[in-house]
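Student: I would like to take a close look at a single part of this structure. Please guide me through it step by step.

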Amino acid sequence: SLEESQGGPPPSGGVAPIRPGAFEVYLCCPEPLAAFGAVSLPAWGSPRDMPDEPPAAFSAICVASKLQMKGWPSAESVLRRLLTTFPRIPLKVHVKTADGLPIPGVKVDATTTHVLKRKDWTADGEQQGASAGAVRGGIKVSGQTNAEGICRFSVPLCVRMLLEASHETLLGHREREILLTRVTAEEAFVAETTVQFWQVEEGKELVVYCSSPRSNPRPILPGPCEPFRGFLEGPGGAEQRPDALGYVRGKPSLLRRVKIVGCKAWRPAPIACSDVEVHGKKTAIELARLSYPITKVALVAACCGTKIPG
């Protein structure tokens, strides 16, 4: 009867009271994906499945419930919950030079690009109901490349994210937007080749060395060296000058294109070896030796400009 179905007698006029009803949002994921706190669902098959394929298995977690909240959930609250509930998948990030050499120590960040409204934050700036690693605007995970130039961490599936990579000396700030839809994923960043140049005076010569900060940030130097303050000349007279710390960045052929090394107050000199290889070396490699410039002095007569011998 109407009275029994509504849990009590109907009001005057026979109109039943308005009840909230049920409305729930679930996140269901096929195996092997599973959100934290999800429960397994019975495996089920579809008439469209192949006869020899096993039934699909899923896990599910409640994202929003009208009965629990005693009202319709807002779109923002559902999105916020989804951001922190989506299953994580492993992401491998490679960072290397154009010739395939790995770059260690690169900082890698992945941040969700969805921006939450102010009401989703408490007065002290913390996100309401957020999991560890949540930041303003979503979720952020960080890592660093190892000796093989690889960084691994887990990121949410099907969530648009901003992937950033940077290194103080070996890689300028790089970023790209990613949206991962597979169980495994890989991304790669390619950096310029970086070489560091040094100088030290030995007797009447200025000796110029070079090293690879990628292979060894603190190379073994022959004495109290300082960053090189001269220039490197390539084909056609094109010059490259190191920065204040002696770094020069360019293509993998950077060193192979250097023909002449010069510095103010010293005579330019050709490089000591036409095939210099610094990558993988623990010690700095000698590049060139610059000598004092030749100074010529002549005494001439003031009246006619004739050179006076002796």
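Student: How many disulfides does a search of the whole structure find? Please then examine closely which residues line the largest cavity.

Tutor: The model is a predicted one. A search of the whole structure finds zero disulfides. For background, a disulfide is a covalent bond that joins the sulfur atoms of two cysteines. Among the cysteines, Cys28 has a relative accessible area of 42% and is therefore partly exposed, since that class lies between the limits of 20% and 50%. Cys62, at 23% relative accessibility, also counts as partly exposed.

Let us turn to the cavity. Across the whole structure, the search finds one cavity of 30 Å³ or more. The volume of the largest cavity is about 40 Å³. Its lining consists of Thr97, Ile103, Leu170, Glu192, Thr193, Thr194, Arg214 and His279. Sorted by class, this lining has two nonpolar, four polar and two charged residues. Ile103 and Leu170 are in the lining and count as nonpolar, while Glu192 and Arg214 are also in the lining and count as charged.

The C-alpha atom of Thr194 is separated by 8.6 Å from that of Lys251, although the two residues are 57 residues apart along the chain. Lys251 lies in the loop between strand E17 (247-250) and strand E18 (260-263). Lys251 has 65% relative accessibility and so counts as exposed, because the limit for that class is over 50%.

Terms used: Residues numbered from 1 in each chain as written. Predicted model: local features only at pLDDT ≥ 70, side-chain atom pairs only at ≥ 80, totals over all residues. Heavy atoms only, no water. Helix = DSSP H or I, 4+ residues; strand = E, 2+ residues; numbered from the N terminus. Buried < 20%, exposed > 50% of the residue type's maximum accessible area, 1.4 Å probe, protein only. Disulfide = S-S within 2.5 Å. 1 Å grid on protein atoms, 1.4 Å probe; cavity = no way out; pocket = protein on both sides within 12 Å on 5 of 7 lines; lining within 4 Å. Points joined across faces, edges and corners; volume = space filled by probe spheres on them.
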